[in-house]
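This report describes a strand arrangement and a helix pair. The structure is shown first.

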Amino acid sequence: MTSVRIEKPTMAKKEERLHRILTHLKQNNVSSIRELSELSGVSTMTTRRDLEELHKQQAVKFIHGGAVYNHNHQGPADTFPDYHFHNQELLHKEEKQRIAQKAVAMLSPRETFMIDSGTTVSYLARELPEDLPVTAIYWSLNVISELIKKPLCTMISLGGVFHPETQMFESIQGMDLITNTRASKAFISAGGVHPQLGVTCPFHYETDTKKVAINSSMVKVLMVDSSKFGKVCTSHIGEISDFDLVITDDGIPGEYRQFIAEAGVDLIVA
């Protein structure tokens, strides 16, 4: 059961739009206003205003009908979240691999589980044994590239708008499928875990899919390496108490071990 329909993106919030534009221009150097409007799901007038703000920060330069990225810029626009999947994939590789091995050990034959987007959970797909018959529901390109190597894994893929910075597919139809499906476990990633501000991720478009996956699963597992503790990203996923289990590495600070225990959440240290 595979959904690959490409959806027009819903209107993004201003912070997310600016980041999308900046990321797109960094990768492609130049783009038309129409293309950037379609990327953000807003009118060309709104895109022009967004570009004017980035132009004031000297992050982009206007050209006829579009804009180019200013590669010499080192100003305020660089304070937008500098998350990109391929950059994150290179960080804390050994820790993420150990975390993934602990997560894989939780899976039983013929189990159905959900696997989030993100570099840490992508290691779970990589570490999945080839002889383990399971069903995986997923919504990211990096997970597809790993699961196709697992002959006994039944793959249910959600399509939609593709976000290159996270390798994630996003669509209303995909979230509806998750809402009407049940899984024994959901393995969720995050960009930050904070005692007061909760569990967060870098982009607003990620949160709805993560939330419906949590609500549709019996056991909710948060997979984060220890560098994520104490960090706060812009988009709120939930509280630590929304999870049943946290899997992390042995670099987790002592106060966060206590914080997780006091929340009534189990902790596995890889």
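## Pairing of β1 and β3

Ser32 stands opposite Gly66, a residue of β3. Strands β1 and β3 are joined by three bridges and pair in the antiparallel sense; two strands pair if DSSP finds at least two bridges between them. Helices (H or I, at least four residues) and strands (E, at least two) are DSSP runs, numbered from the N terminus.

The model is predicted: local features need pLDDT of at least 70, side-chain atom pairs count only at pLDDT 80 or more, and totals for chains, interfaces and linings use all residues. Residues are numbered from 1 along each chain as its sequence is written, and side-chain values use heavy atoms, with hydrogens and water left out.

## The sheet

The open sheet has three strands in the order β1-β3-β2, with antiparallel pairing. Its edge strands, each pairing on one side only, are β1 (30–32) and β2 (60–63). On average, neighbouring strands are turned by 25 degrees against each other, direction ignored. Axes are lines fitted to C-alpha atoms, for helices over the stretch in contact, and angles run from 0 to 180 degrees between N-to-C directions.

Between β2 and β3 (residues 66–69), which run antiparallel, there are four bridges. Val60 has Tyr69 in β3 as its bridge partner, and Ile63 has Gly66. The two strands form a hairpin with two residues between them, and Gly65 in the turn has a positive phi of about 80 degrees.

From β3, Gly66 and Val68 point one way while Ala67 and Tyr69 point the other way, and all are buried (under 20% relative accessible area, with a 1.4 Å probe and protein chains only).

Helix α3 (residues 44–56) lies across β2 and β3 and runs at about 130 degrees to β2.

## The pair α8 and α9

The axes of α8 (residues 172–179) and α9 (residues 204–215) come within 9 Å and cross at roughly 15 degrees. The two helices are therefore roughly parallel to each other (angles under 35 degrees).

Met175, Ile178 and Thr179 of α8 meet Asp208, Thr209, Val212 and Ala213 of α9. These contact residues divide into four nonpolar, two polar and one charged. Ala, Val, Leu, Ile, Met, Phe, Trp, Tyr, Cys and Pro count as nonpolar, Asp, Glu, Lys and Arg as charged, and the others, Gly among them, as polar.

Terms used. Angles under 35 degrees count as roughly parallel, over 145 as roughly antiparallel, 65 to 115 as roughly perpendicular and the rest as oblique. Contact means heavy atoms within 4.5 Å. Buried means under 20% relative accessible area, exposed over 50%, partly exposed in between (1.4 Å probe, protein chains only).
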